[in-house]
Amino acid sequence: MENFPFHDGSIYDMLDTRHTDTRPDVNHSLQMHSSLVRRLSQERELEGHQGCVNAISWNSKGSLLISGSDDTHINVWSYSSRKLLHSIETGHSANVFCTKFVPETSDELVVSGAGDAEVRLFNLSRFSGRGLDDNAITPSALYQCHTRRVKKLAVEVGNPHVVWSASEDGTLRQHDFRQGSSCPPAGSSHQECRNILLDLRCGAKRSLADPPKQTLSLKSCDISSTRPHLLLVGGSDAFARLYDRRMLPPLTSCQKRMSPPPCVNYFCPMHLSEHGRSSLHLTHVTFSPNGEEVLLSYSGEHVYLMDVNHAGGRAMRYTVGDASKIMSFTPTLNGLELQPPIHDFLQTNIRVRGEVATGLGKCRMLVEIARNSLEEGKHPYYGIEACNEVLEGHLSGIGPMLRHECLCIRAALLLKRKWKNDAQMAIRDCYNARRIDSSSFRAHLYMSEALEQLCKYKEALDFAIAAQCLDPSNSVMAEKVENIKKHIAAAETEKNNKANDGGARSEPRTGRVLSLSDIIYRSEANSDASQDGPRSEREDSDYDEEVEVDFHTSVPGDEGRDVEANFLHGSLNVRIHRRGDSARETVDANGSSGSPSSSSQNDRIPYQPETVIDMKQRYVGHCNVGTDIKQASFLGQRGDYIASGSDDGRWFIWEKQTGRLIKMLLGDEAVVNCVQCHPFDCVVATSGIDNTIKIWTPSASVPSIVSGGAAGPDTADVLEAMESNQRKLSRNREHSLSYELLERFHMHEFSEGSLRPFECAQS
């Protein structure tokens, strides 16, 4: 909504006061000011790769850009001339997924990680005197100790000697150039690389309540630039983990799987912590420029912002049971707080009081806009944006009654919009509204509707009855209560019928029937086992015994949805029947197989689930399903804006504080994966499935919001694009996995350890 003012003020006022403003970050505020962000448009397209560009990164000075591609080349580009300086034939035998400049080396050392599980170091000074076509150089260091794809590299500011690599084999390794320039291939008889900093091969959790058992296939890692001892990792479950490197055990080898070390913090939105869906995982994690926040991007989900909470106690924490607590009816609420604390900033200063009064009038106007959006049947997007502006941008300046009103309106709009997890967000709003007014009819009504959308009919009935008690004369509520009771009765009948049918049609097969989720989860957890040691040592493999595979597909009609032609519409049902005895299966289900040697002792100790840091903001509109390398990034040195690529070929920019969508720019013919902001200038580089890199600068002739300047899409196109993305997200990631699994059956590729996480076709 273009009438909303921005929170960074007028750029003209900032320029006028720049010479008198003593704040050290005043120039940082100008780098990605809203007036510049609104003028972003594509300035240049860098050509030089022959495959998807999977990684881009700036050097510390911003004078060079490095890129890695499916063509196994690393390219180095000049920022000033926008020209290709070097193209390195890396020698990798698979896609390059990550590449970095090594700090404090005069930008001469660069490092790469690839799908061949190797990490390679190159010295650019060896190109001195060569032509651009003479691009084959021997790596200065070659590390072959990973057993699966290397998905992310991390470097430490000021450290020219060490690089860290995160791999899908469940380990994060620390490579010190001073200790050796090579290591033998994984699985060789002489391999004893003691460089594992994090062993998470028994570290993945299916839900918060479950102890870690399976391999955490690492997808991303980052080191804080302000506190470099802090290390953030994310992978094949819903939880990002923060570690203090000073508290980690000494480096180890891969000969023996270790129990996961304790971490400083877990990060996960509360509504995802008990999901238990194996395909839910992170594709990118990163620190904010000041190190106070982290950003998480999920496959099949949205982008979320969390506080690091290293000291101030600002972050919202929860533990097992809190998610169900907010969905359970209790007459009196206490304890759990789902909003950040409101800091008391009101002072006796007359100017501050005047600003509060002005802000309060603006908030009332925005609430009225949201109310009209709800009552007049407009698209809920606009009303939700207005409520976000009030609740996220002006929370400290509004009273409890206006906050309650805004929470109830936003909950109703979220339930009307029905984008992915909107019902979960509505539950949060209703819970907080009930904390303000425990007798709020609307809070109980909308909570009941949200629970209905989640098919939690028993909990919905409790809130519907409570709402009916608050307004006994409301005939609509009486009808609603009866409808929910019918849903409950129908669900019970269906459950009983399935139980009866299942008993009558049971087949004389031994072992447990695995779902597609189980197949993907367990294969991802164990497909690297073949490279951890000889077959006789792989007692933890779920595929040591012969399996039978039955599958069928159903391909319904398009149902009028605008989707890509290369997507399979339908479902794939796969059953794997184990021919081993049921006792072995029971052992596997309990997780004892494949655990570290100390697991027998640990099993006697009741598992104590961790406390987790909850989200403080959500960014929606894009789609992250098709690739496992999609990034979400902070823009600028202050990180006031959030950016992410998307499966629809666009990239999105949101205002960090409010979650408000600011820009939606077309950046690729298929998928945008990488978004990296220049260290100092208002310049952004993006890449994806195309063979090129796009450079974006504030060069549009006309400033605009949610468009690309004068040539950008109009609002109707924006809403249509976001609705299409939400439909893709709601079709569940299992759909894409089913397509890949079917293809592998056709290619006779369903063999032990062959199932891998779904990537884009080129990545």
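Reader: What makes strand E4 (residues 73-78) and strand E5 (residues 84-89) a pair?

Author: Five bridges join E4 to E5, and the two run in the antiparallel sense. The cut-off for a pair is at least two bridges, so with five of them E4 and E5 count as paired. Please keep in mind that everything we discuss here belongs to a predicted model.

Reader: Which residue of E5 stands opposite His73?

Author: That is Glu89. E4 and E5 also belong to a hairpin with five residues between the strands, and in this hairpin Arg82 takes a positive phi near 60°.

Reader: Why is Trp77 called buried?

Author: Its relative accessible area is 3%. Trp77 is part of strand E4. If you look for Leu46, 31 residues away along the chain, you will find 8.6 Å between its C-alpha atom and that of Trp77.

Reader: Is Glu104 buried or exposed, and how do you know?

Author: Glu104 is exposed, with a relative accessible area of 61%. The limit for that word is over 50%, so 61% qualifies. You can find Glu104 in the loop between E6 and strand E7 (109-114). Glu104 has a positive phi of about 55° although it is not a glycine.

Reader: And what about Lys418: buried or exposed?

Author: Lys418 has a relative accessible area of 57%, and exposed means over 50%, so Lys418 is called exposed. Lys418 sits in the loop between helix H8 (400-417) and helix H9 (422-436). Its phi is positive, near 65°, and Lys418 is a residue other than glycine.

Reader: Why is strand E15 (residues 230-235) described as largely enclosed by the rest of the structure?

Author: Because six of the six residues of E15 are buried. Each of them falls under 20% relative accessible area, since that is what buried means. Leu230, Leu232 and Gly234 are buried on one side of E15, and Leu231, Val233 and Gly235 are buried on the other, which leaves both faces covered.

Reader: Why do the names on each side skip every second residue?

Author: In a regular strand the side chains alternate between the two faces of the sheet.

Reader: How many bridges join E15 to E14, and how do you know that they pair?

Author: There are five bridges between E14 and E15, in the antiparallel sense. The requirement is at least two, so E14 and E15 are a pair. One spot to look at is Ser220, which stands opposite Gly234 in E15. Six residues link E14 to E15 in a hairpin.

Reader: What joins E15 to strand E16 (residues 240-244)?

Author: Four bridges do, and these strands run antiparallel. Four meets the requirement of at least two, so E15 and E16 pair as well. Tyr243 in E16 is the bridge partner of Leu231. E15 and E16 form a hairpin too, with four residues between them.

Reader: Where does the label "repeat: WD" come from?

Author: It comes from UniProt, where an unreviewed entry places this feature at residues 46-87, 89-125 and 665-696. In the model, residues 89-125 are 0% helix and 49% strand, with the end C-alpha atoms 15 Å apart. Residues 665-696 are 0% helix and 56% strand, and there the end C-alpha atoms are 10 Å apart.

Reader: Which residues lie nearest the centre of the second largest pocket?

Author: Ser57, Trp58, Lys100, Ser225 and Gln676 do, out of a lining of 48 residues. Several strands give two or more residues to this lining, among them strand E2 (53-58), strand E6 (96-101) and strand E30 (672-677). By kind, the lining has 21 nonpolar, 20 polar and seven charged residues. The space in this pocket is about 1,400 Å³.

Definitions and conventions
Residues numbered from 1 in each chain as written. Predicted model: local features only at pLDDT ≥ 70, side-chain atom pairs only at ≥ 80, totals over all residues. Heavy atoms only, no water. 1 Å grid on protein atoms, 1.4 Å probe; cavity = no way out; pocket = protein on both sides within 12 Å on 5 of 7 lines; lining within 4 Å. Points joined across faces, edges and corners; volume = space filled by probe spheres on them. Nonpolar A, V, L, I, M, F, W, Y, C, P; charged D, E, K, R; others polar. Buried < 20%, exposed > 50% of the residue type's maximum accessible area, 1.4 Å probe, protein only. UniProt positions renumbered as here; feature names shortened; annotations may be inferred.
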